[in-house]
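Visitor: I should like to discuss this model through a series of questions. May we begin with the chain as a whole and then turn to individual elements?

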Amino acid sequence: LFSGTLAGVIDLAVDWMTDLKEGVCLSAFWYSHEQCCWTSNETTFDDRDKCPQWQKWSELLVSQSEGASAYILNYFLYIMWALCFAFLAVSLVRVFAPYACGSGIPEIKTILSGFIIRGYLGKWTLLIKTVTLVLVVSSGLSLGKEGPLVHVACCCGNFFSSLFSKYSKNEGKRREVLSAAAAAGVSVAFGAPIGGVLFSLEEVSYYFPLKTLWRSFFAALVAAFTLRSINPFGNSRLVLFYVEYHTPWYMAELFPFILLGVFGGLWGTLFIRCNIAWCRRRKTTRLGKYPVLEVIVITAITAIIAYPNPYTRRSTSELISELFNDCGALESSQLCDYINDPNMTRPVDDIPDRPAGPGVYTAMWQLALALVFKIVITIFTFGMKIPSGLFIPSMAVGAMAGRMVGIGVEQLAYHHHDWIIFRNWCRPGADCVTPGLYAMVGAAACLGGVTRMTVSLVVIMFELTGGLEYIVPLMAAAVTSKWVADAFGKEGIYEAHIHLNGYPFLDVKDEFTHRTLATDVMRPRRGEAPLSVLTQDSMTVEDVETLIKETDYNGFPVVVSKDSERLIGFAQRRELILAIKNARQRQDGVVSNSIVYFTEDPPELPPNSPHPLKLRRILNLSPFTVTDHTPMETVVDIFRKLGLRQCLVTRSGRLLGIITKKDVLRHMAQMANQDPESIMFN
């Protein structure tokens with residue numbers, strides 16, 4: 001319910017603030033351009049965008065709507081609004097919630113794999129991310145709101161799990177809630193509940209039991225239903241770019257679809273390599289010290305180049321919507337400026353293929369320029385210190401390329417309908433090629449090339465378009481783009497960012513086939529200092545505090561005594577610190593030389609010794625253990641399936657060492673002939 005409501009509010013706010021850059025509604029300033037002209041009685045069908053209530057800034061300030069001075073004033077105000085929004089967003093992120101930047105999906109993958117990033121899903125992050133998301137999308141930067149909506153939904157999930165002890169005490173349960181939240185996030189982003197569940201299963205989640213599947217489906221359904229009842233776009237659709245096509249596709253068209261798949265794969269590879277190189281540069285040079293300046297510069301460049309071109313001036317979602325649209329009799333877009341046959345008498349929705357008019361040719365070169373601009377600017381935009389999603393820009397790149405290919409095929413079929421490939425299915429006067437379908441296939445291909453999704457991508461696309469008969473073209477494009485992109489490198493953009501940021505993440509998709517044993521990986525190695533352990537009844541409070549102060553480990557194994565080293569359990573560092581602090585404040589008689597014991601009964605003490613401290617309740621009595629001869633293949637599998645952070649190594653009950661997730665990752669790098677020290681963990 002909560003993520004559906006937030007998504008609706010974000011949609012409405014973005015709609016209004018995007019139009020605010022160009023003008024304002026006089027009858028009610030909180031109306032967007034479209035809503036302003038709905039209520040007007042003076043609107044005609046041809047000029048549906050013009051109504052007296054909506055005024056551009058130039059009309060309002062200098063009473064001119066045409067001419068050079070009006071254009072320059074509008075241009076200047078467009079840039080100023082964009083800079084104002086972006087500056088506000090990056091300042092909010094920097095001051096209140098540094099974790100609200102980026103897309104959030106790499107971090108959520110890491111959190112679901114069993115790593116804890118404190119505060120990443122906190123209330124401040126939720127609030128700031130929601131507000132700044134509206135600001136950055138409205139500022140016209142080349143980014144989308146879809147990825148960050150997953151993060152927003154996961155923050156909601158985390159907030160609600162902290163209210164119930166069943167979920168707040170149990171990490172596994174909480175992770176199941178977060179899986180469902182990720183599904184709800186994609187569900188409201190694209191209006192695709194089934195696609196959301198599959199996205200959570202394929203991309204985000206680590207461990208996805210069957211009971212989580214239908215719970216996620218239910219959560220996604222409720223989220224989509226909530227968004228539908230808010231109805232942010234006023235057309236009872238959940239997304240701006242919903243389309244319906246009526247013409248079938250033909251076998252010969254698979255060739256351009258597969259070519260679009262190849263383009264998507266190549267663009268995905270190019271994007272990942274350039275973006276990671278730029279982000280690494282940002283991390284290692286002085287560029288990273290000025291995040292606000294960087295955002296301001298990129299916003300200024302984007303606004304200055306975007307305004308003259310009508311395809312980049314509008315919001316990216318509207319652009320995709322126009323590219324997906326089929327040219328009906330009622331379309332006023334430049335892309336539909338075909339030359340009509342005057343003596344045509346046919347039903348309205350089945351318009352035959354026609355020769356392109358001057359508007360289509362203008363649109364083609366404007367789209368080509370917009371395509372180059374989008375490809376370049378997205379590389380520098382993704383990864384700045386503001387919330388930024390990648391779905392929408394990738395889809396825009398693919399949709400522009402696809403629409404251009406579609407118009408090309410359509411004109412080819414019109415002028416050469418006697419060629420052998422067109423002869424079977426394209427008679428003169430028939431509507432045989434739908435350019436909007438090519439845009440949709442291109443969008444799927446580019447999104448697949450960047451994120452390497454397959455199943456969930458196809459499902460999201462056909463839930464967006466309501467066209468079940470186009471599953472085959474979409475599958476062909478998605479699979480081709482994945483193959484082409486995989487040929488250049490196995491990592492999708494999210495995995496690449498996980499590695500760049502140095503999160504300890506074990507990818508479920510990697511194979512581990514080497515024959516090493518647990519004893520080869522565990523610490524301490526020969527020649528290293530022995531393992532830091534606690535004994536069950538022979539250490540004082542002071543000893544424990546010294547151990548905590550001198551080491552920075554996450555927890556300590558508890559053994560019977562230093563000589564026997566029989567393992568009893570595992571105590572977490574945080575819980576030890578809290579327990580000792582509380583005992584010193586609340587229990588009388590606990591001093592620095594009190595004995596700490598982890599057994600059921602207190603040890604035998606001399607008569608005048610201080611009061612002992614019992615810490616059995618914080619002891620994990622069933623820590624995960626393997627023997628020293630367990631094959632590493634099994635250990636890696638255990639770490640993956642259970643999302644473990646550490647695992648103890650024993651031989652016949654005696655503690656030998658410990659394997660942490662970072663040790664496993666270093667070992668895997670070593671086996672793949674990489675330098676194990678090159679894996680940075682921050």
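Visitor: What percentage of the 682 residues of the chain count as buried?
Guide: The model is a predicted one. A residue counts as buried when its relative accessible area is under 20%. Applied to the 682 residues of the chain, this criterion gives a buried share of 55%.

Visitor: How far apart do the centres of the positive and negative side chains lie?
Guide: The chain carries 62 positive and 61 negative side chains.

Visitor: Which elements are included in what covers the buried residues of α5?
Guide: Helix α5 spans residues 105–112, and eight of its eight residues are buried, so the helix is largely enclosed by the rest of the structure. Those buried residues include the charged Glu 107 and Lys 109, along with Ile 105, Ile 108, Ile 111 and Leu 112. The cover over them includes α7 (146–161), α9 (171–190), α10 (193–204) and α22 (493–501).

Visitor: Which residue just after α5 takes a positive phi?
Guide: The phi in question is about 105 degrees. The residue that takes it, just after α5, is Gly 114.

Visitor: What is the distance between the end C-alpha atoms of helix α16?
Guide: Helix α16 covers residues 358–381, which makes 24 residues. At 1.5 Å a residue, the helix should span 34 Å. The model agrees with this expectation, because its end C-alpha atoms are apart by 34 Å.

Visitor: Which residue with a positive phi follows α16?
Guide: The phi here is near 105 degrees. The residue that follows α16 with this value is Gly 383.

Visitor: Which strands stand at the edges of the open sheet formed by three strands?
Guide: The order in this open sheet is β4-β7-β8, and the pairing is mixed. Each edge strand has a single partner strand, so one side of it is left without a neighbour in the sheet. The edge strands are β4 (539–540) and β8 (613–614).

Visitor: Which residue in β7 stands opposite Thr 540?
Guide: Strand β7 comprises residues 595–597 and runs antiparallel to β4, to which two bridges join it. Opposite Thr 540, the residue in β7 is Ile 595.

Notes. Residues are numbered from 1 along each chain as its sequence is written. This is a predicted model: local features need pLDDT of at least 70, side-chain atom pairs count only at pLDDT 80 or more; totals for chains, interfaces and linings use all residues. Side-chain values use heavy atoms; hydrogens and water are left out. Buried means under 20% relative accessible area, exposed over 50%, partly exposed in between (1.4 Å probe, protein chains only). The place of a charge is taken as NZ of Lys, CZ of Arg, CG of Asp or CD of Glu. Helices (H or I, at least four residues) and strands (E, at least two) are DSSP runs, numbered from the N terminus. The expected span of a helix is 1.5 Å times one less than its number of residues. Two strands pair if DSSP finds at least two bridges between them. Contact means heavy atoms within 4.5 Å.
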